[in-house]
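The entries follow the order in which I went through them.

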Amino acid sequence: MPRTMALDPLFTAVNCEVFTDRHLTNLAAGTLAAVRVPDFLDTSTCRTALAALDRLPTADYDPARVPTPILRFGPALNDYRDESGRLDAERYWHDAEAARAAWQRAGMRPDPIAVSMARLGSAWGAAVAPATIGGRALFGGTLREINAGALIHYDDINREFPAGLFDQGIVAQLAFNVWVTVPTAGGATTVWRHRWEPADEQHRQAYGYQPETVQHCQRVSLAPEPGDGLLFNPANFHAVEPNPTGRRIAFAFFLGLTPTGQLIAWS
């Protein structure tokens, strides 16, 4: 008879009316799996953002690195690591400035990224500041259209750039997503109670990992609704389920908790 999995009673997903500082600290401490706020963005804001998407220069990832099609706007740091594991700074800053200019030209009002950061700052009790490198602010606020799913993976800036990257130290990293349109079925985000271990490398698959890596791990799955805001700790392995029809579009960024208790953001 198979052994019953012992469950962590603290690894749960909760729905709340607003994000709070307790939510952020519990996610950072690993005593919560995910927090979702339904209607974080109202219907009008979602429609306005969706109407402006055609004005943003989107592109697919390199299929050699990301085998499932994912449409994106905005530079993400882990796409700019060179062979030595350092930031390809010249290419990153060029693309970051181009993305800022394109964002301004798109004229998204209200700005879903600005709204989201302001509300998270209010929850924390201090404004969210951009992460910086040499005093220069990083780009924050990507767009992702994920319809074919995303592989099981994790995000951890301290592992991605072990020599350090930001002017600020990071003691915990959180991921934020807010959806402006979702499919009628599929597209759920799953978060597993599992963080990277050296043995996981035997299950590598492109940028992510095969299902065997987490097959015995506790998990939570959340199907998105339009306007939902979601926070989770991306050091936990996570993935996106494919959706058979429709579009699954979200704005996203990372939050970092610094040793001085500041929240900083980047993509």
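**Entry on terms and source.** I count a salt bridge when a side-chain nitrogen of Lys or Arg lies within 4 Å of a carboxyl oxygen of Asp or Glu. I note that this is a predicted model, in which local features need pLDDT of at least 70 and side-chain atom pairs count only at pLDDT 80 or more, whereas totals for chains, interfaces and linings use all residues. Residues are numbered from 1 along each chain as its sequence is written, and side-chain values use heavy atoms, with hydrogens and water left out.

**Entry on salt bridges.** I looked up the total and found eight salt bridges in the structure. One of them joins Arg100 to Glu97, with the closest N and O atoms 2.7 Å apart; I take helices (H or I, at least four residues) and strands (E, at least two) as DSSP runs numbered from the N terminus, and both partners then lie in helix H3, three residues apart, which is about one turn of the helix. For accessibility I use relative accessible area with a 1.4 Å probe and protein chains only, calling a residue buried under 20%, exposed over 50% and partly exposed in between. On that scale Arg100 is partly exposed at 25%, and Glu97 is partly exposed at 37%.

I then turned to Asp79 and Arg65, whose side chains meet in a salt bridge at 2.8 Å, N to O. Asp79 sits in the loop between strand E4 (70-73) and helix H3 (89-106), and Arg65 in the loop between strand E3 (59-60) and E4, so the pair ties together parts that are 14 residues apart in sequence. Asp79 is buried at 15% relative accessible area, while Arg65 is partly exposed at 33%. I also recorded that Arg65, Arg72 and Asp79 are linked in a network of salt bridges.

A further pair is Glu201 with Arg204, at 3.1 Å from N to O. Glu201 counts as partly exposed at 35%, and Arg204 as partly exposed at 37%.

**Entry on helix H1.** Which residues of H1 are buried? I found His23, Leu24 and Leu27. Seen down the axis of H1, they fall within an arc of 95 degrees (taken from the directions from the helix axis to the C-beta atoms), so they line one face of the helix. On the other side of H1, Arg22 and Ala29 are exposed. Taking contact as heavy atoms within 4.5 Å, I found that the cover over the buried residues of H1 includes strand E2 (34-37), helix H4 (112-124), E10, strand E15 (229-232) and strand E18 (263-266). Just after H1, Gly30 takes a positive phi of about 85 degrees.

On a 1 Å grid over the protein atoms alone, I call a cavity a set of points where a 1.4 Å probe fits but cannot get out, with lining residues having an atom within 4 Å of a point. Points are joined across faces, edges and corners, and a volume is the space filled by probe spheres set on them. A search of the whole structure finds one cavity of 30 Å³ or more; the largest cavity has a volume of about 40 Å³. Its lining residues include Leu24, Ala28, Trp124 and Ala172. Helix H1 (21-29), strand E10 (172-181) and strand E17 (249-257) each give two or more residues to this lining, and E17 gives the largest share, three residues.

Key: 1 Å grid on protein atoms, 1.4 Å probe; cavity = no way out; pocket = protein on both sides within 12 Å on 5 of 7 lines; lining within 4 Å.
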